[in-house]
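This report describes selected features of the structure shown below.

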Amino acid sequence: MNRPKVIIRKCENYDKKELIKIFSEGLEILELESKIKGKIVIKPNVVLAHPKVAPSAFTRPEFLDALLSTLIEKSKNNTYFRIIENSGVGVPTSRMFKRAGYKNLEKKYPVKLIPYEESKKVKVKLQKGKVHSEITVQKDLIENDFLIYTPKLKTNVLDFGMTAALKLNIGILSDKERMKYHTQKLPEKIVDLLEIGFPDFIVTDAIEIAIGGNQMTEHPLQLGIVIISDSSLAHDVVCAHILNLDPKNLPSLKEASNRGYGSLNLKNIEINTNISIEKLRNKTKNVNNGFVRVDTVNGPFKILSGEPYCTGGCQGIMLDWLYMLKDRAPSKFNRKKDVTVVIGKYSGNINSKKVILLGDCTEVSGKIQAKKVLKIKGCPPRHRDLILHFFLKTGVRAPLMRPELLMDAYPFLFWSHLKGKIKNMLI
Ligand code: SF4
């Protein structure tokens, strides 16, 4: 049986000529050149883009610029391009496209940016889904002739330390479906989505990766490589090794392997690289990916965690909120408050000025001595809600709470959804 291929190429910066050379070589090695025809759909990672607080969270526009140039040069007549995405829950994708600098791509190339909220959508039944039996995705995703994923390599505490090709599929869902099973079931959820989000070609922006904090606000590290593959799992197994992670400890990779998407063993992957993986591991060896239990983090609040422990749910989202402060407002992270946050079913007595019960399932069996006991609902709550609730309940303003992002999150998001509703009514 043929082994899946992963190609790694050194690339110190976003030089267009160099990138075109690398992408062309990737297409040739994977024998995909003849497939560049018809509707080419590209799915990047644009979870959040903001020059001050989220400068390294998204696939860079220079990367897509070079990719589009490469594809156009190799394409047949009647080839056209779509860039699809659903940014983080609570922010409109159209604004994130703009903030990420993608609008220029529309001016330069025959490509259309299609934000999830404003797109035509279709419901698709999943034959092999463990948690999802049906999902609502963009029509363009289903009607592609060639599907390209362009992830950004990052650390991510919600998925055991890493986000690459497999997790990119979270951005094919609606906001509501995205939060559903975003609990301890996240690995099964991610692998369910491979049935639909199964790219033909993956090209990863690992020139500048983002590490060590919140997946949106964390800081960059120059890794200087592009990773190319035609298998999401093989790609992620190699990425895990590059980040000094054991693929066997990453539940979504394990789940994908158990469901027949490939092996976790590097020996079963054909790696074509012009830089040794050992050298790359050396570059990332001192990276702290931030993946720790949330109740061990010495931040502004005391955190108590019971069961279940949802890495992809409340505990993970709380950890992400703490890292948002640590990344972009460290003085707030270090300022202690007499606030205790409880997550899950916790046994024990609590004595604190304020107690916040986070998540629908949270309960305390024990005595609570507090001036106020407050609740934040959700399974799990959305990042946006957490930011708002913690501001209103504790006075701690997260760095993402900025006037322009609030404008994005409320009037612009409402307008985007309205446009989408009208478009879908007219189908
Ligand atoms: S509400 Fe409970 S089950 Fe749901 S994500 Fe939070 S901790 Fe997990």
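A residue is near a molecule if its C-beta atom, placed from the backbone, lies within 6 Å of it. The model is predicted: local features need pLDDT of at least 70, side-chain atom pairs count only at pLDDT 80 or more, and totals for chains, interfaces and linings use all residues. Residues are numbered from 1 along each chain as its sequence is written.

The residues around the ligand are T183, P308, C310, G313, C314, I343, G344, G359, D360, C361, C379 and P380. Two or more residues each come from β13 (339–347) and β15 (354–365), and β15 gives the largest share, 3 residues. Strands are DSSP runs of E with at least two residues and helices runs of H or I with at least four, numbered from the N terminus.

The two helices compare with their expected span, 1.5 Å times one less than the number of residues, as follows.

| Helix | Residues | Length | Span between end C-alpha atoms | Expected span |
|---|---|---|---|---|
| α2 | 61–74 | 14 residues | 20 Å | 20 Å |

A residue is buried if 20 or more other C-beta atoms lie within 10 Å of its own, exposed if 12 or fewer, and partly exposed in between, with C-beta atoms placed from the backbone. In α1, L19, I22, F23, G26 and L27 are buried. They lie on the same side of α1, because they cover an arc of only 135° around the axis, taken from the directions from the helix axis to the C-beta atoms. The face turned away from this buried side of α1 carries the exposed residues K17 and E28. After α1 comes E31, with a positive phi near 55°.

In α2, the buried residues include F63, L64, L67 and L71.
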